[in-house]
Amino acid sequence: MGWLGPLLVTLFAGVLRFYDLSKPRAVIFDETYYAKDAYALLKFGYEHNTVKNADSLLLQYPPNLDIWANGGSFVAHPPAGKWLIAIGEWMFGMNPFGWRFASAVIGTLSVLILARVARRMTRSTLLGTAAGLLLALDGMQLVTSRTAILDIFVMFWILAGFACLVIDRDRTRAALAAKVMETGNESELGPFVMHWWRLAAGLCLGTAVATKWTGIYYIAAFGIMVLIWDIGARRAAGIRQPYAGGFLLDAVPAFVSLVVVSGVTYLAWWSGWIFNAGGWGRGRVSGNPITAFFQAMPRLWDYHQQMWHFHTTLTVKHDYQSWPWNWMFLKRPVAFYYNEPTGCGASKCSREVLGIGTPAIWWISIITLLVITGWWLVQRDWRAGATVAGFLAGWLPWFYFGFGHRTMFLFYATPMLPFMVLSIVLVMGMLIGPADTMPMRRVFGAAACGAYVLLVLANFYFLYPILTGQILPYDAWHSRMWFDSWI
């Protein structure tokens, strides 16, 4: 039963994400960068310059693939997410379905992972399934799952890394307790326990950073988090020196797993650029792979300095830019695609893909995040602390760039989404109460939570046409623009 509910909501999410995935037949928003970069990785191993009318050539039927100009192109983000997009292009061709396929797969699998990790954290199949369903019904998650951009991949790998750490917490606490019972409390520091799942977490988080650099903030936040967990586990096991044991026996392996493994993983995703001549700033490549690797490192460092300069000086105004302090209120969503076609039965029609979250999720999560922050401060509940840490790691760093007026967009908040949903289901658990609480409380709590999920479903259903590019009469489209800032 612990798998049935999560698998059912994952199937539901997959239908939503794959249905009419090839529509609109257009290069929407930042697909103009990532779809072509991904195809270049397939062909050359590195991102390559294209001709100015490459988008229109690709949309011909059949697509005209003669889109290359001279030389490697400068890119602002590492290649991992683009390699994943390239898998869909390799499987299904250089067309909208092909370049959106990987996003849809990753977006669907994210629902399964969140459902299972929420179940593990709450020990409730009902709450785990609810977490998966809420993520499946979020508009921003749906739009980024149906578009060939990078943010859904960042979200997935951060969530996967977090899930590995939660599994590791369960397993290593049990192993630590078993060792203490077996050997007694002989050592003041306690026994050493190997954290195998943290190696998997390092692979996932390294891939997140290799998609967008924002993943590095999660490595820092999760590194502090697991050290606190390790010290707490040693205290719970009755170790006489839990802090010394945590720092001496757990901190160094955790650093290796989360930092060193992530760093190696990050470099591995750059292999196409490292071992092929022609990439931006790469220069000649030695035939010896070891020599080629060390030859590439100073050039890769120079490349990264150029990328950092780009990110820290990008202040060009954009019609859809927004600031992180406005994101949770959904003040300024992003029109990924908009046109005014015919065929809706009215004098004026609209068709849009609007990058916006489901308000019933985003707005209520403001309250639930505050609630679980207070819960953590009072009760020190690890689940509340982990959820708040994951949310803040995706949100607070953007304030630094926001005060510097860097150009930012609402969909940059996509990696925060799983932790927003976790905050909601944790509060649901508080409302329903434990199994041994008063039956009346559980009845009313479950009824309130069920009513909320129905509200989310209705809200999502109402917005669905403008999340997926459905053709609507202009008045029907405008009725979904609740605020002028949404237009």
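On a 1 Å grid over the protein atoms alone, a cavity is a set of points where a 1.4 Å probe fits but cannot get out, whereas a pocket is an open set with protein on both sides within 12 Å along at least five of seven lines, and lining residues have an atom within 4 Å of a point. A volume is the space filled by probe spheres set on the points, which are joined across faces, edges and corners.

This is a predicted model, in which local features need pLDDT of at least 70 and side-chain atom pairs count only at pLDDT 80 or more, while totals for chains, interfaces and linings use all residues. Residues are numbered from 1 along each chain as its sequence is written, and side-chain values use heavy atoms, with hydrogens and water left out.

| Space | Volume |
|---|---|
| Largest pocket | about 1,300 Å³ |
| Second largest pocket | about 580 Å³ |
| Largest cavity | about 100 Å³ |
| Second largest cavity | about 60 Å³ |

The largest pocket is lined by 50 residues, and Ala76, His77, Phe310, His311 and Arg406 lie nearest its centre. Helix H13 gives the most to this lining, with 7 residues; helices (H or I, at least four residues) are DSSP runs, as are strands (E, at least two), numbered from the N terminus. By class, the lining of the largest pocket has 27 nonpolar, 15 polar and 8 charged residues, where Ala, Val, Leu, Ile, Met, Phe, Trp, Tyr, Cys and Pro count as nonpolar, Asp, Glu, Lys and Arg as charged, and the others, Gly among them, as polar.

Around the second largest pocket there are 22 lining residues, of which Ile228, Trp229, Trp376, Arg380 and Trp382 are the closest to its centre. Helix H10 gives the most to that lining, with 9 residues, and the lining as a whole has 15 nonpolar, 2 polar and 5 charged residues.

The structure holds 4 cavities of 30 Å³ or more. In the largest cavity, 13 residues form the lining, and Thr172, Leu176, His195, Asp230 and Ala233 are the closest to its centre. H8 and H10 are the elements that give two or more residues to this lining, with H8 giving the most, 5 residues. The lining of the largest cavity divides into 4 nonpolar, 2 polar and 7 charged residues, whereas that of the second largest cavity has 8 nonpolar, 2 polar and no charged residues. Among the residues that line the second largest cavity are Tyr217, Tyr218, Trp398 and Tyr412, and the elements that supply two or more of its lining residues are H10, H16 and H17.
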